[in-house]
Structures are given as structure tokens and as C-alpha cells.
Amino acid sequence: MTVPVPGPAPVVLIAEELAPSVLEVLGTDVEIRHVDGADRAALLPALADAAAVLIRSATQIDAEALAAAPQLKVVARAGIGLDNVDVAAATERGVLVVNAPTSNIVSAAEHAVALLLAAARHIPAADASLRAGKWARSKFTGVELTEKTVGVVGLGRIGVLVAQRLAAFGVTLIAYDPYIQPGRAAQLGVRLVSLDELLRESDFITIHLPKTPETLGLIGADQLAATKRGVIIVNAARGGLVDEAALAAALGSGQVGAAGIDVYAKEPCTDSPLFGLPNVVVTPHLGASTTEAQDKAGTAVARSVRLALQGDFVPDAVNVQAGGIVAEDVRPGLPLAEKLGRVFTAVAGGLAQSVHVEVLGKIAEFDVSVVSLAVLRGVFADVVEEPVTYVNAPLLAGQRGLEVALTSDPESPDYRNLITVRGAMSDGTGITVSGTLYGKNQVPKLTEVGGFDLDLSADGYLLFFVYADRPGVVGAVGAALGEAGINIAGAQVSRTTQGGDALMAVTVDSPVSSELLGDIAGRIGARQARAADLNPV
């Protein structure tokens with residue numbers, strides 16, 4: 001009898017400092033090596049025989065690093081963000097990318113609550129005053145939370161945790177989030193309102209949104225002027241959601257009574273107009289800086305690494321298609337499906353009550369269940385803070401009360417393959433977007449948006465305008481974009497009837513701000529103006 005000789009243990013490269021519990025989870029069946037991931041000259045040769053690499057935020061795993069790692073099976077980011085990982089390049093090489101999407105949500109929620117309480121009771125300023133030898137009780141009179149109205153801007157995972165914790169203070173909770181159903185918010189004891197209503201009614205405002213072109217600068221001078229005088233504002237989400245200069249001015253005038261800020265438009269930030277104000281509590285992006293969050297992040301990705309090296313299903317894989325469980329004929333449809341989801345969310349301007357994904361043509365001969373997951377990835381890509389995966393997409397849909405259905409049919413009368421996303425909005429309106437794959441390279445293409453036929457590459461930055469069909473509109477749009485220094489790559493106009501509604505789809509080379517989009521809409525009298533970023537993530 002021949003006894004098999006075990007092969008060498010897979011090399012797991014730890015490129016940054018992680019919690020000691022990570023080593024325990026990885027176990028003894030792997031060879032653990034350490035390297036300073038920020039030292040490029042040391043990192044690249046260390047990757048040569050690594051089967052897995054564990055990183056945080058300082059290590060760049062780009063195409064060059066992946067090329068230096070021919071044995072690599074998995075990249076594990078001990079945290080939420082993946083800005084330092086080239087996910088597309090990893091997917092192309094068949095390398096799994098995993099992260100820890102829920103590791104810091106409790107810590108982030110608790111930090112937001114801490115900032116809110118500290119701002120309400122002037123705790124840092126009172127602490128500094130007492131340490132300076134002053135007993136100035138009357139100078140630091142604060143306000144209670146009880147029976148006040150708290151406005152939560154963004155009711156995702158962290159926003160929900162904040163709302164749940166603040167409910168114990170006996171507050172009235174309202175929220176602005178166009179991507180959650182009112183019924184789901186009601187279950188949480190939260191009343192959904194418009195942003196304008198939230199600004200008018202709230203005594204406290206806490207912000208929990210992802211940073212996207214739509215949310216950047218969401219709270220500016222006009223919004224701050226619309227708040228209750230003396231409102232307290234907390235931003236522990238992302239820098240740039242609140243205009244820092246406008247906030248400083250509002251704090252100085254007393255329009256905003258106090259603020260708690262953990263994030264900044266540019267980080268690291270050591271110089272801000274907010275830092276010199278006595279009614280501001282500031283921290284250096286500490287939302288995830290707890291022992292528990294770091295431990296959870298490390299152990300979560302360590303478990304994923306073990307699963308990946310064993311060849312098992314990895315729940316936190318961001319690019320599950322790299323695992324080879326999707327039919328080859330179906331894979332080209334996944335980028336198309338994700339782009340359709342992005343366009344759907346952009347055109348809808350909010351979250352639908354239900355989404356129906358229809359797959360027609362040759363790919364429908366295979367298991368296409370993953371196509372609906374790809375659509376959901378696109379639907380939520382610019383809605384939530386965390387990376388959307390094929391695994392957490394259904395959970396995100398369930399949390400927001402979004403019903404999802406999938407049908408398929410190998411028969412397709414007009415295209416070899418066609419994917420359609422139909423959604424029903426809460427006001428009864430319907431949204432439809434469709435796309436296909438064309439050419440030998442199977443390039444994604446839009447064929448329909450909102451009932452208008454198109455023949456447009458699903459790529460780049462897309463603008464959509466719906467307006468009354470008439471001469472001169474194309475020129476007006478081109479002029480407005482030209483004035484803003486934005487180059488047009490392509491444009492197409494579709495209409496239902498002459499003189500009826502028309503849809504103009506414009507592909508541009510750079511992002512268009514919400515202000516410019518609104519300005520163009522005003523110039524042409526558009527009843528709808530939307531933007532979608534279809535660049536690879």
C-alpha cells in the first residue's frame with residue numbers, strides 16, 4: 001500500500017498587522033509568513049508563492065501585484081472598503097477577493113451615538129475647561145434627547161443600528177432614504193420623510209450614507225439654512241456629505257447649535273475651519289477603531305481564507321464568479337446584468353417595491369439564478385456603503401423590503417440573448433431597462449430604457465433626459481456640457497411619437513454633478529434627468 005505524501009502547506013502572507021486571533025483561525029495547516037505590505041520592494045517577491053494574502057488599507061493589490069503572485073487563490077481585506085484591491089484584475093485571474101462587510105457596523109453606530117451625546121452636552125469643551133482650572137458650569141448647558149426628533153439620513157445597516165439605539169432615549173425617529181420601503185421603516189419604528197421635511201423637523205440629524213456623486217455635498221448651505229435653529233448634526237459616515245465650510249459658517253452663526261464630525265472631505269485632515277469652533281466635537285475617523293471591530297474583521301477574513309484554500313464556498317466573496325460555479329455561457333451576462341441594475345436605480349431615482357428579472361435566449365438554457373444577483377449588485381451599488389456581493393445582495397433586498405423574481409426562456413424573438421429588469425415603484429409607476437450582448441467580444445449594450453428603444457453601449461458615464469420632443473434640445477444639452485468642460489462621447493435620441501416624449505441618452509467622459517444635471521434639465525424643460533456611472537468598479 002502506497003501512502004500519499006502530503007504536499008507543502010499553502011503559504012498565507014500577512015501583509016499588515018492583524019489581531020492575534022487571526023492566527024488561531026488560520027490554524028496549523030498553512031505556512032504563515034509576514035511582510036510589510038506598504039514596502040513594495042518587499043511585497044512583490046513575497047507574493048511569488050503565496051496562496052493567500054491578508055491586508056488592511058495600506059497594501060495595494062493591483063494588477064502588478066497579482067501578476068507577481070502566480071499561486072494566489074484569495075485576497076482578503078480585513079475591513080469593508082476595497083479601494084486598494086483591483087477586483088476586476090483579480091477576477092480575470094480567477095483570484096477570489098473577500099472582505100469583512102459587517103465587521104465594524106456596531107462600532108460605527110456606537111461612535112455616531114457617542115458624538116451625538118458629546119455634542120449635545122458639550123463634553124469635550126467642558127473637559128478641556130476643567131482641565132484648564134475653570135469651574136464654568138453655566139457655560140456648558142446642554143440639551144436632552146428625550147422627546148426630541150432625530151432625523152436619520154440613510155437607513156442602511158449602520159443607520160438602522162443608530163436608530164435602534166437612539167429609540168431607547170425616548171426620541172421620535174424620522175428618516176430620509178429613497179432606497180427603503182415605508183413598511184420596512186415602520187417595522188423599525190421610523191417614519192420615512194423627504195429630505196426637506198427631515199431638515200425642517202429634526203432637533204438632531206445623523207448621517208449614514210455612502211459617498212456617491214448624488215450624495216456628495218448633500219447637506220450644503222441651503223440645506224443647513226432650512227434646519228431648525230440650534231440643530232445638532234453628526235457625520236460619522238463619509239467626508240464630503242456635509243459641506244464643511246458651510247457647516248462651519250452655520251455653527252458660527254448659531255443656525256447649527258453643535259456638531260460631531262468623524263470624517264472629512266480630505267483625509268488625513270489636520271486643518272479645518274471646524275477645528276477652531278468650541279461647539280464642535282471632532283475625531284480622526286475613529287468609527288471602526290475598536291478592538292472588537294478589528295478582531296471581527298481579521299477573524300472573518302481568516303475564516304474566508306480557510307474556506308477558499310479548502311475549495312469550499314466562500315460567503316464573503318466579492319467576486320464569487322471567480323470561483324468557477326457559474327456556467328461559461330452565463331458569465332458574459334453578469335457584467336451586463338449589473339450595469340442594467342445600475343441604470344435601473346438611476347432612472348428610478350429610488351428603490352422599487354419589486355423587481356422582475358427576465359432572461360431570454362441561449363444563456364437561459366443554463367442556470368441563470370446568478371443573473372438576478374448581478375442585477376441586485378447593480379441596483380445597490382450606489383445605495384449602500386459596503387461592497388455589494390452576490391452573497392449579501394439578497395440580504396440587502398430583504399432588509400429594504402424589495403421583492404425579487406426571476407424568469408427565463410430560451411426563446412428570444414429579437415436578440416440572441418436579452419436581459420430585462422422591470423420594477424414597480426411605490427406610486428404605481430413602472431420602470432424597465434433591457435440590454436443584450438453583441439459582437440464576438442459580447443459587449444454589453446442597452447436596448448431599452450423606460451419604454452424607449454436604444455442601441456447604446458453600456459459603458460462610461462450615461463445621462464438620460466426625458467422631455468417633450470422639439471428642435472434644439474440636442475444643441476442645448478451639448479452647449480451646457482461644453483460650457484462645463486465635459487466631453488460628449490456619444491448621444492442618441494429615441495421617441496415614441498413625433499412631438500411626444502423623447503429620451504436623450506448621452507455618454508460623457510467624466511462625471512456630471514447633480515447641480516449641472518439639474519441645470520441642463522431646467523434649460524431643456526426635462527421632466528426627468530438621471531445619471532448612471534457604468535464604469536467598471
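Visitor: At what angle do helix 13 and helix 14 cross?

Guide: The axes of helix 13 and helix 14 (residues 369–380) cross at roughly 40° and come within 6 Å. Axes are lines fitted to C-alpha atoms, for helices over the stretch in contact, and angles run from 0 to 180 degrees between N-to-C directions. Helices (H or I, at least four residues) and strands (E, at least two) are DSSP runs, numbered from the N terminus. This is a predicted model, in which local features need pLDDT of at least 70 and side-chain atom pairs count only at pLDDT 80 or more, while totals for chains, interfaces and linings use all residues. Residues are numbered from 1 along each chain as its sequence is written, and side-chain values use heavy atoms, with hydrogens and water left out.

Visitor: What is their orientation to each other?

Guide: Helix 13 and helix 14 are therefore oblique to each other. Angles under 35 degrees count as roughly parallel, over 145 as roughly antiparallel, 65 to 115 as roughly perpendicular and the rest as oblique.

Visitor: Which residues make the contact?

Guide: Helix 13 contributes Leu334, Ala337, Glu338, Gly341, Arg342, Phe344 and Thr345. From helix 14 come Val370, Val371, Ala374, Val375, Arg377, Gly378 and Val379. Contact means heavy atoms within 4.5 Å.

Visitor: What does valine 449 touch?

Guide: Leaving out residues up to four places away in sequence, valine 449 touches Val343, Val347, Thr432, Val433, Leu454, Phe464 and Leu503.

Visitor: A change of topic: where is valine 190 placed?

Guide: Valine 190 is in the loop between helix 8 (182–187) and strand 8 (191–192).

Visitor: Is valine 190 buried or exposed?

Guide: Valine 190 is buried, with a relative accessible area of 6%. Its contacts, not counting residues up to four places away in sequence, are Leu155, Ala163, Leu173, Ile174, Ala175 and Ala185.

Visitor: How do helix 16 and helix 17 cross?

Guide: The axes of helix 16 (residues 473–483) and helix 17 (residues 514–524) cross at roughly 150° and come within 10 Å. The two helices are therefore roughly antiparallel to each other.

Terms used: Buried < 20%, exposed > 50% of the residue type's maximum accessible area, 1.4 Å probe, protein only.
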